[in-house]
Amino acid sequence: MSTIEIKNLTKKFEVEGHVVTALDHINLSIEKGDVFGIIGMSGAGKSTLVRSINFLERPSEGDVLIDGVNLADLTEKELRKTRSGIGMIFQNFNLLEQKNVIDNVCFPLEINGVKKKDARKRAKELLVLVGLQDKEKAYPSQLSGGQKQRVAIARALATDPRILLCDEATSALDPQTTSSILALIKQINEEMGITVVIITHQMSVVTDICQKVAIIDSGRLVEQGPVDKIFRNPESDAAKELISGKEIRYTPVRDLQSVRKIRIVFQENSAYEPVIANTILELGTPVNILKADTRNVGGRAVGEMILGLPEGEEIQEAVIGRLKASGLAVTEEETQSVSLSPDARRPVSPASAGTTEVEHE
Ligand SMILES: Nc1ncnc2c1ncn2[C@@H]1O[C@H](COP(=O)(O)OP(=O)(O)O)[C@@H](O)[C@H]1O
Ligand SMILES: [Mg+2]
């Protein structure tokens with residue numbers, strides 16, 4: 001049984017006499033403990049979808065089941081209870097500006113009738129968790145964006161939710177703050193077993209912490225699956241547009257038309273090491289990276305490269321053997337020219353390849 005099941009979900013809005021279909025027959029299952037990404041262009045329907053998960057938007061058609069319970073079957077009171085088990089954070093934090101940090105975190109508890117003393121105790125624990133124990137008395141206007149989002153996370157966790165919905169939660173933050181907030185969300189997922197749904201237009205957010213991803217385009221779900229699979233091989237036009245061209249790098253080196261070429265594939269179980277650099281250093285031979293299409297997925301390189309091997313069968317076999325020993329899949333490439341630019345005729349030397357940057361962007 002999935003934590004979140006979205007069945008045939010359609011949401012239509014009537015705007016000035018005409019109907020906008022924000023979601024069009026969406027089917028999606030999110031399993032307990034997932035960190036699930038939902039990506040799409042602006043206006044694709046992401047926020048409407050995430051708001052439908054807790055019935056802030058009522059579907060025009062279709063169903064939402066949380067832990068097997070159909071939200072449409074619930075009374076208002078039961079729905080409020082279910083909603084308190086679903087935390088939510090937003091791009092603009094939505095803190096109460098006139099309340100200080102601890103009162104913001106206590107707020108959902110007090111609404112739920114928790115005694116003030118108990119609410120404060122819980123809030124203090126949560127502020128420790130998010131690293132803001134020394135900001136209890138501060139007001140939102142005195143905090144940085146990252147600190148505000150930490151308060152919002154503490155507030156979202158106050159009612160012990162099973163699910164955390166994040167709608168563009170890092171979109172207003174700089175890259176470094178984004179990383180620290182994503183690390184916190186990952187920690188919450190792992191340590192508290194909370195299912196996380198991440199809505200974002202930033203691909204790096206997905207590759208950083210999501211295991212699965214769904215792509216929506218004009219209200220339709222066009223593709224879904226494991227992040228590494230979709231990012232390695234996007235099939236839908238929307239996925240290609242979102243993913244391709246962003247992180248793909250071509251490093252043409254020189255025309256190796258007559259030289260042996262191999263394709264190597266970095267998989268999930270590939271060794272966690274700068275394989276190319278180590279191969280070059282250990283064998284004392286240059287290897288030409290003709291094409292690189294790798295990206296960082298959960299801290300390791302996933303994707304493929306085409307390498308031009310040095311001349312001489314013995315050294316070629318040594319390179320292939322070394323790469324295979326690191327768990328890489330190696331196949332021969334046809335010796336046709338890879339598109340090359342004449343100004344980049346520099347082989348990768350041990351000096352320039354001695355960092356992980358060759359494989360980890
Ligand atoms: N309350 C609303 N009333 C009318 N139209 C809406 C409403 N909410 C969203 N929409 C429309 O639904 C579509 C999807 O919006 P949204 O879910 O906010 O997309 P995203 O979050 O992917 O940018 C857009 O065309 C938007 O204008
Ligand atoms: Mg949105």
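These are my notebook entries on what I looked up in a predicted model of one protein chain.

**Overall make-up**

I began with the secondary structure and found 12 helices and 14 strands in the chain. I then looked up burial, and of the 361 residues in the chain 49% are buried.

I followed the strand order next and wrote down an open sheet of 4 strands, β2-β1-β4-β5, with antiparallel pairing. Its edge strands are β2 (18-30) and β5, each of which pairs on one side only. Between β4 and β5, which run antiparallel, I found 2 bridges, and in this pair Ile66 stands opposite Val69 in β5. I also looked for what lies against this sheet, and found that helix α1 (residues 46-53) packs on it, touching β1 (4-15), β2 and β4, with a direction that makes about 120 degrees with that of β1.

**Salt bridges**

Which side chains pair by charge was my next entry, and the count came to 17 salt bridges. I looked up Arg162 and Asp67, whose side chains meet in a salt bridge at 2.3 Å, N to O. Arg162 lies in the loop between α5 (145-157) and β7 (163-167), whereas Asp67 lies in the loop between β4 (61-66) and β5 (69-70), so this pair ties together parts that are 95 residues apart in sequence. Both partners are partly exposed: Arg162 has a relative accessibility of 37%, and Asp67 has one of 25%.

I then turned to Arg122, which forms a salt bridge with Asp160, the closest N and O atoms being 2.8 Å apart. Because Arg122 lies in helix α4 (residues 116-129) and Asp160 in the loop between α5 and β7, the pair ties together parts that are 38 residues apart in sequence.

A further entry concerns Glu136 and Lys124, which form a salt bridge with their closest N and O atoms 3.1 Å apart. Glu136 sits in the loop between α4 and α5 and Lys124 in helix α4, 12 residues apart, so that the pair links distant parts of the chain. Is Glu136 buried or exposed? I noted it as buried, because its relative accessible area of 16% falls under the 20% limit. Lys124, in contrast, is partly exposed at 39%. I also recorded that salt bridges with shared partners join Lys121, Arg122, Glu125 and Asp160 into one network.

**Gln202**

My last entry is on Gln202, which lies in the loop between β8 (195-200) and α7 (203-209). Gln202 is partly exposed, with a relative accessible area of 22%. Which residues does Gln202 contact, leaving aside its neighbours within four places in sequence? I found contacts with Thr170 and Ser171. I also looked up Glu168, which is 34 residues from Gln202 along the chain, and the C-alpha atoms of the two are separated by 8.5 Å.

Note on methods: Residues numbered from 1 in each chain as written. Chains lettered and ligands numbered in written order. Predicted model: local features only at pLDDT ≥ 70, side-chain atom pairs only at ≥ 80, totals over all residues. Heavy atoms only, no water. Buried < 20%, exposed > 50% of the residue type's maximum accessible area, 1.4 Å probe, protein only. Contact = heavy atoms within 4.5 Å. Salt bridge = Lys/Arg side-chain N within 4 Å of Asp/Glu carboxyl O. Pairing = 2+ DSSP bridges. Axes fitted to C-alpha atoms, helices over the stretch in contact; angles between N-to-C directions.
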